[in-house]
Amino acid sequence: MTIKMTGVWKTFGEGHTAVHALQNIDLANPQGEFTTILGPSGSGKTTLLNLVGAIDDATEGHIEVAGVDLAGLSVDELVKYRRENVGFVFQFFNLIPTLTALENVELVADLTASNGAERAAEVLDRVGLGDRMTHFPAQLSGGEQQRVAIARALVKEPPILLCDEPTGELDFETGRMVLDLLQRVSRELSQTVLLVTHNAAIGDMADRVLKLRSGEIVEDVHNDTPIDATELTW
Amino acid sequence: MVKPLHRKLIRDIARHKPQFIAITLTIFLGVAIFGAAFDSYTNLVASYDQTAVNYRFANLTIAGGDTETIAAFAGSDPAVESVEIRTTADVPLRVDDTKLLGRAISVPAGDQPMVNQLEIMTGSYPANGDANVVLVEDHMASHFDLAPGDSLDILIGDTWQHVTVGGVALSPEYIWPARNRQELLTTPDNFGVVFVSEELAEQITGEGPNEVAVYYAAGESDEEVSAALSAEGRELGATNIYTREEQASNNALTEDVKGLEEMAIFFPMMFLAAAGLAAYVMLSRLVHSQRPHIGTFLANGFTRRQVLVHYLGYGIVPGLIGSIPGAIVGVLLARTITRLYTGILSIPLTVVDFYPTTLIAAIVFGLVASLLAALAPALVASRVVPAEAMRGETPSGGGRRSLLERVFPPLRKVPAAWRMTFRGVGRNPRRTIYTIIGVVLSLMLVLVSWGLIDTTRHLMDRQFIEIQREDATVYFAGPTATEDVAALVDIDGISSAEPALTMPVAISANEAHYETALTVLQDDTEMHRFANVDGGWIDLPSNGVVLGQATRDLLDIKVGDTVAMTVAEGDTIRPIVAAFVDEPLGTMAYVGRAHAEALTGSALPATSALISYDEGVDAKVLRNTITDIPRVAAFEDAQVLFDLMQRFMVLFYAFVGVMLVFGGAMAFALIFNAMSVNIAERTREVATLLAVGTERRSISRYITAENMLVAAMGIPLGLIIGTLAAGAALSSFNSDLFTFKLHIQPTTYLFASLAILAVALISQIPGLRAIRRISIPQVVKERSA
């Protein structure tokens, strides 16, 4: 699924307190492209992700996904868009503490499939948590929790995967394992991935690296030879 | 200059305005009810006391026996200040065409009596020589619209004697117009009091004074003096002795005021407990969400005491804002309530004082409740480990399957979203428990108030429909032959008539005495049913007397014991106790006519007839027909008495209405706070669900279901505890005059439960609206929700 942003601005506040989180962004991501977005805090990385995920709206400009302008969608259509097209992976996992790993994934699987539990179990198995399905988040390590979060994002098999600092809370080994998982699955499903990170080293595994500063794209580099995540070091 | 920490406190409160307003309002209500009820109670007691002193209300009244000797004995006691000898007689009165069984009480001519003085409302106190001038008691004057110069008739012998109304008077003995302790409720068409000259009183009774009224030094009650004078009175043949506390009107008023005292404790306690719970729930959440800030404070050199004091501030602020105006409003309201109350009851003296202790106590109660609520969260805040707190989110705790899923395994198959709902109930057990307690408290408030109505209605139905079966009572001017009673059925409209003989009686056993009325009924009476204390109905026994159940403890007697019963003339009979009956109103004695005649050895007359109507009869027409009969003194339609009581119920309805509104407000405050916290705590989860494409209305549905489940869990417990509380509250009103057995209608339980669920549903609206305002990008990025 292609993503196209044209003249996108995102401004918070008004008048002299206005902050331009994104300024005149033009961007096109073809289907299946793995893009990492780098930049210091406050550069607009997460805002850009949120706009693509339709959990926030642009102040100006157009965001088209598969040729559909998100600004033209109603509230219900946006819900449907998120439900069918977007998978989110958050830095802080955001798992429901009262649900088991399986149930956390099933909760989302139920939105699009009638056999939610089966689908959830399959995906958890795929992310290596087949033996931890009945565990509650508090009984899982950080890496395991993030894998549950990835499984939750993948269970709908969304064409777009948005990952916001997915390794930010993880140690090196676990972080690399999570990135490997993301890379493998997204390749298998030909997903368009936008991955926000502070970590420049992660850019080596991506097809494309965007660098943002103060809401503007300051560097847009295509990487013709992305390495496997397992080869990453930082 | 406001310190930053104080500024934080103010801003935090402003940020959680609705929750703090809910807490403050609950404290306000609790404190205001306390101030209003307690000061009203204090004012009314003071008004009664002052009335008693100003009008020299008798501390002891001794009727019957050797009056002169009793008076002399009483007068010789140094503790006695005044003794008054007088004549009291129940006598037929006639005002225009209405006959009633009234009461004539003698007063000295020219001067007020030394005991039981009167307040002359209009007209003047009768002068010497005005033997045919009477004073009419205020209630009777109002009902018949009598004024000085009007006239009425008193039946003396067989002749109606015309007397002139000289004035209208209030008496401390008839502030509540009751014939006697056993008949606290009478219709104004059937009872009225006139104060007559001694000369006229002697004509009525045909003999001299028959009552001694004693007033102690400074009007203070003295049990020892009362006991000594009572013992001597009985020795000298007195048949009815009662203290000021036992006097019918005073007793009724005291019971009534007791309700205010109960209210001054029970209801404020509930409100303050509810406010405390609401504050606790909210502040616990606040402290939890501010752990990183607390950690920062401590890391930067704030002392734990400073943190403790800061978070106690969240209790002090609503405590002060709620309790200071609450106390002031309560105290001011008490003045209005007191004046309304004394105005309605025509209490001659109204004492409205300012009691600083009530004001201070009310403020302290409100403050203590909110401080106690803040203490636990504040202590938690002061004990935070800075490094741990600043690491961010605290461990989310282990999840587990809900009890529902464990008990009903099929529930494990329901969609994960609904499983989330079930587990949400047990997610924060402490908060769930406090929400349940809130529901329980609210139901207690509702059931105690509503239970009072249901019980009173049931009590009235039981007394006036199930037990007393007569349609009307016809009172005769004097003893009447039973054959004359039987002849009443010849009158059109009367289907049956039974003779009844009612007389005052003193029952004695085990050196204890109890004064009541003995009614001799037809052996196979169909006009009165007897409810055994075991719950069944029994026939009037052919051998022995039937006594009201209160005598069992008062006289320490049981079925089969022999008791002494002394009637007005001083004759004593000694029947056995055949049964104890459970009657809601009064503690009476009943005996079958054949057995009574066997005990006395003579045929007994009737003083009244219990009649039942033919179907469709016009009671007013029948009343006129019957009261035209010369020997008939009065006619009392049971329905009129029943309707009169129903009118009193309007006050109950008003009271319950107010309590329901307050209960609803309290439930709202508590549940609203719990729900708000519940929703606030899972903001990030909600945002995550929204981000993955769950509809907002679905999320609202899950959260609503979870909260309603918690509220529903509290309902059974609330109904049980509410019923127990209502029973306890009612039992405090129980006496020998009233037996309140809790009776709550099933529909009351149903409506109370539905009302609580409705409040729970409504109280979620603000929280659910907040879900609509959740900013997904902001929340999912935050480290802790």
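This is a predicted model: local features need pLDDT of at least 70, side-chain atom pairs count only at pLDDT 80 or more; totals for chains, interfaces and linings use all residues.
Residues are numbered from 1 along each chain as its sequence is written, chains are lettered from A and ligands numbered from 1 in the order in which they are written, and side-chain values use heavy atoms, with hydrogens and water left out.

Pro318(B) belongs to helix H9 (residues 304-345) of chain B, where helices (H or I, at least four residues) and strands (E, at least two) are DSSP runs numbered from the N terminus. Leaving aside residues up to four places away in sequence, Pro318(B) touches Phe20(B), Ile23(B), Thr24(B), Ile27(B), Gly313(B) and Ser323(B), contact being heavy atoms within 4.5 Å. Between the C-alpha atoms of Pro318(B) and Ser82(B), which are 236 residues apart along the chain, the separation is 56 Å.

## The four-stranded sheet

Chain B holds an open sheet of four strands in the order S2-S10-S1-S11, with antiparallel pairing; two strands pair if DSSP finds at least two bridges between them. Strand S2 (80-86) and strand S11 (240-243) of chain B are the edge strands, each pairing on one side only. The twist from one strand to the next averages 15°, with axes taken as lines fitted to C-alpha atoms, for helices over the stretch in contact, and angles running from 0 to 180 degrees between N-to-C directions.

Strand S1 (residues 60-63) and strand S10 (residues 211-216) of chain B run antiparallel and are joined by four bridges, and Ala63(B) stands opposite Glu211(B) in S10(B). Helix H3 (residues 67-76) of chain B packs on the sheet, where it touches S1, S2 and S10 of chain B, and its direction makes about 170° with that of S2(B). Helix H6 (residues 223-235) of chain B also packs on the sheet, touching S1, S2, S10 and S11 of chain B, with a direction at about 5° to that of S1(B).

Thr455(B), in helix H14 (residues 429-467) of chain B, counts as buried because its relative accessibility is 1%. Again not counting residues up to four places away in sequence, Thr455(B) touches Leu730(B), Phe740(B), Lys741(B), Leu742(B) and His743(B).

Terms used. Buried means under 20% relative accessible area, exposed over 50%, partly exposed in between (1.4 Å probe, protein chains only).
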